[in-house]
Amino acid sequence: MTHRILLIDDDERIRTALRLALEDEGYVIDEAGSGEEAMNVFNAHAADIVLIDVMLPGMSGFDTCRMLRRVSDVPVIMVTARSDTHDVVAGLEAGADDYVAKPVVAKELAARIRALLRRARTPGQTSAVMEFGDLEIIPDEGTVKRRGEELHLTRTEFRLLCELAGSPGRVFSREALLEKVWGYGYFGDGRLVDVHVRRLRTKVEFDAANPVHVQTVRGLGYKLAP
Amino acid sequence: MMPSAQGGKRRNLKRLAQRQVLGLRNRVVLFFVLGSTLLSLVLSVSTYVLVSRTLIDQRETLAERQAYINATILRPGLRTTNASGQVEIDVPTQLRRLQNPTGTETIVAVGDQFYSSDPLNFSHNVLPEKLRQRVLEGQPARMRFSIGDRSFVAIGVPIPSVGATYFDVTALDEVDRSLSALLTTLVLVSLVTALVGALVGRWSSRTVLRPLGEAATAAEAIVAGNRSARLTLDGDADMDRLVLSFNRMVDDMQGRIARDARFASDVSHELRSPLMTLASGISVLQARRSELPARSQTALDLLADEVTRFQRMVQDLLEISRADADQQDLALDEVLAGEFVERVVEAYERSIDVHGDEDTLNAVLAVDKRRMERVIGNLIENADRYAGGVTAITLRDVGQDIQIVVDDCGPGVPEDERDRIFERFARGSEARARASGEGTGLGLSLVAEHVALHHGSVWVENRPEGGARFIVQLPKVDS
């Protein structure tokens, strides 16, 4: 099965070069030069992965991502200017699943795309329905309900929740979660975990500032309260 | 022309160094001590002179008056005639009638005969010759003289009516005692004045130099990397000029540094998009490498290598301009020193042994993993490039800090290049020139920047066994 990738970048040469490189990896590529155009392209052909350059003229990359999130939980990779400024956190908070920093090598980008697609397919280890207080996780359907009401989680958030739910009460280090959910090694960016946990909380907790389910264990990592 | 100008400069510097040996503060203190000593010396000397003159004068006047009184008392006694009408003089008896104050003795000359009220201690020989002659010639006189360390005043009054001459000698012991007490007091006062001068000098030099100290502290802070350090205005017109110009200078400098950093950063940013296009294009070509003729393959390989290097250079430049611009975005994680270094070695696909005792390996460091990975990784790659690879990495515990010691067995780094190799685009001379094609010239400067961000330090030494030894020292986290 071939996957569709939507490339959003205002630089046509980058789009062409990336398209050629990613087509070599066996993907079908759609292109968009702006956020507005991207929404139209996406509506015409739903992509499996969306690549957004942060610096877009008009609607910014962050806004485009937020806009996209309103209509879809498609995995999004942000192409940021730098790896350690606010761009990364802002991109992740806008709903991106992962990021790569410019200038990115096609090979590295392809690896990130593969990791995200794998995540999108495998729902988790267990398929039994799990309950945590008012939360109900149904791995087979890929849904989470709170008091019977379905919550809209992105696939990465869902995968993160499933990882934690796999061993309730056990503390997962950021490194462990990075490896299990994102496929990164020891040197992965811990902010990926932090921002996703934060976003997960805004969805599964009543009061994200005082989380009941997804708890922080100071200096060690995160756990899901059994 | 040049060498002499340089020589002159060097001499000037030397002279400057010699002149500055005392230091401004000490010089101020010295001036105060000298000034106060001089002042008290002048005062003391004039006081002493004035007081001694007055005291001696008084004493002499007193003695003179006494002498006239005594002479008057003696005169009738020296005229006594006996029954046979002959003049008969019993001078010693006459002398006993006098009531001299202690310390005053009388000597009377009748004809060429001298009589003393204390013949044992005072004969006429003690009288100064000059005085004796003058008085014997008929003129009253007085004169000061000393015997041993005692001083005396001698007064002579001729009594012509009886053909006698009156002398007396008064010891000035009392005056001497007063004067020596005065001298002691004055010396003590001078010493105290000098001391007070020193204290006042120290206090005032400290007060005057405090702004200078503050300026020095601020300058040191700026050198150490705290570019927000400034002086504060304290309402002193003289100092405020310095403060304002100092602050303006630092602002200017900071602005220039920021502009430089922004320029490097802007250039690098602009380079990234074309680089991404280049790299992606090349990867497309590489996928079809086997379809290309041999010459094109070689050209493609060259392109690919250079673009990769170019890309790393731009990344390094961005990283460095970031290190310039902002110290805030350090993402610190606590890691075990040994595990961390082993992970880096693993990530760089090397088989380098990591040594160190158990406690050291388990020491906790707070590091920005991505940055510190680059630090160790750059040192590993640096050794690959110039020294045939890392032979061992050792962790050492040096109290508050952990040292990560990276050894190689290459040619080592000459002493005069050891600081310079951490500068941007600085490459070592001979040994390094050979391999210059591969590096970005930024690797070690990035190491230095990142380590400094972690409040650590990095330097290079030569191993006793040969080869270079890079040492990264990072503060331990108390656990």
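Where in chain B is B:Glu349 found? Keep that question in mind while you turn the model around; point 1 takes it up. Please remember throughout that this is a predicted model.

1. B:Glu349 is found in the loop between α8 and β7 (354–355) of chain B. Its phi is positive, at about 55°, although B:Glu349 is not a glycine. That deserves a second look, because most residues other than glycine have a negative phi. B:Glu349 is exposed, with a relative accessible area of 72%. Now go to B:His455, in the loop between α12 (443–453) and β11 (457–462) of chain B. B:His455 is not a glycine either, and its phi is positive, near 60°. With a relative accessibility of 69%, B:His455 counts as exposed.

2. **A cis peptide bond.** Most peptide bonds are trans. In chain A, however, the bond that joins A:Lys102 and A:Pro103 is cis, with omega at about -5°. To find A:Pro103, look in the loop between β5 (98–101) and α5 (106–121) of chain A.

3. **Aromatic rings across two chains.** Over all chains, the structure holds 5 aromatic pairs. In one of them, the ring centres of A:Tyr186 and A:Phe187 are 5.0 Å apart and the planes stand at 90°, so this pair is edge-to-face. A:Tyr186 is buried, with a relative accessible area of 9%, and A:Phe187 is buried too, at 18%. A:Phe187 also pairs with B:Phe340, again edge-to-face, with 5.6 Å from centre to centre and 80° between the planes. Why does this pair join two chains? A:Phe187 lies in the loop between α7 (174–182) and α8 (190–204) of chain A, while B:Phe340 lies in helix α8 (residues 337–347) of chain B, so the pair joins the two chains. Both A:Phe187 and B:Phe340 are buried. Taken together, ring pairs link A:Tyr186, A:Phe187 and B:Phe340 into a cluster.

4. **Charges over rings.** The charged end of A:Arg146 sits over the ring of A:Phe206, 4.3 Å from the ring's centre.

5. **A helix with two sides.** Which residues of helix α2 (residues 35–44) of chain A are buried? They are A:Gly35, A:Ala38, A:Met39, A:Val41 and A:Phe42. Look down the axis of α2(A): these buried residues fall within an arc of 170°, so they line one face of the helix. On the other side of α2(A), you will find A:Asn40, A:Asn43 and A:Ala44 exposed. The buried residues of α2(A) pack against several elements of chain A, namely β1 (4–8), β2 (28–32), β3 (49–53) and α3 (61–71).

6. In soluble globular proteins, nonpolar side chains tend to be buried together. In this model, the largest nonpolar core has 51 residues, and those with the most contacts inside it are A:Leu6, A:Val50, A:Ile52 and A:Ile137. A second, separate core has 39 residues, among them B:Val335, B:Tyr348, B:Ala363 and B:Val413.

7. B:Ser280 belongs to helix α6 (residues 237–287) of chain B. Is B:Ser280 buried or exposed? Its relative accessibility is 0%, so B:Ser280 counts as buried. Apart from residues up to four places away in sequence, B:Ser280 touches A:Ala17, A:Leu18 and A:Ala21.

8. **Chain B as a whole.** To finish, zoom out. Chain B contains 12 helices and 12 strands. Of its 479 residues, 39% are buried. If you take the contacts in chain B between residues at least 6 apart in sequence, 62% join residues at least 24 apart. The accessible surface of chain B is about 27,800 Å², and carbon and sulfur atoms account for 55% of that surface.

Note on methods. Residues are numbered from 1 along each chain as its sequence is written. Chains are lettered from A and ligands numbered from 1 in the order in which they are written. This is a predicted model: local features need pLDDT of at least 70, side-chain atom pairs count only at pLDDT 80 or more; totals for chains, interfaces and linings use all residues. Side-chain values use heavy atoms; hydrogens and water are left out. Rings of Phe, Tyr and Trp (its six-membered ring) pair if their centres lie within 6.5 Å; planes under 30 degrees apart count as stacked, over 60 as edge-to-face and the rest as tilted. Buried means under 20% relative accessible area, exposed over 50%, partly exposed in between (1.4 Å probe, protein chains only). Helices (H or I, at least four residues) and strands (E, at least two) are DSSP runs, numbered from the N terminus. A charge sits over a ring if NZ of Lys or CZ of Arg is within 6 Å of the ring centre and within 35 degrees of the ring normal. The arc is that of the directions from the helix axis to the C-beta atoms. Contact means heavy atoms within 4.5 Å. A nonpolar core is a set of buried Ala, Val, Leu, Ile, Met, Phe, Trp, Tyr and Cys residues joined through side-chain atoms within 4.5 Å. Accessible areas come from the Shrake-Rupley method with a 1.4 Å probe; for residues, only the protein chains shown count as cover.
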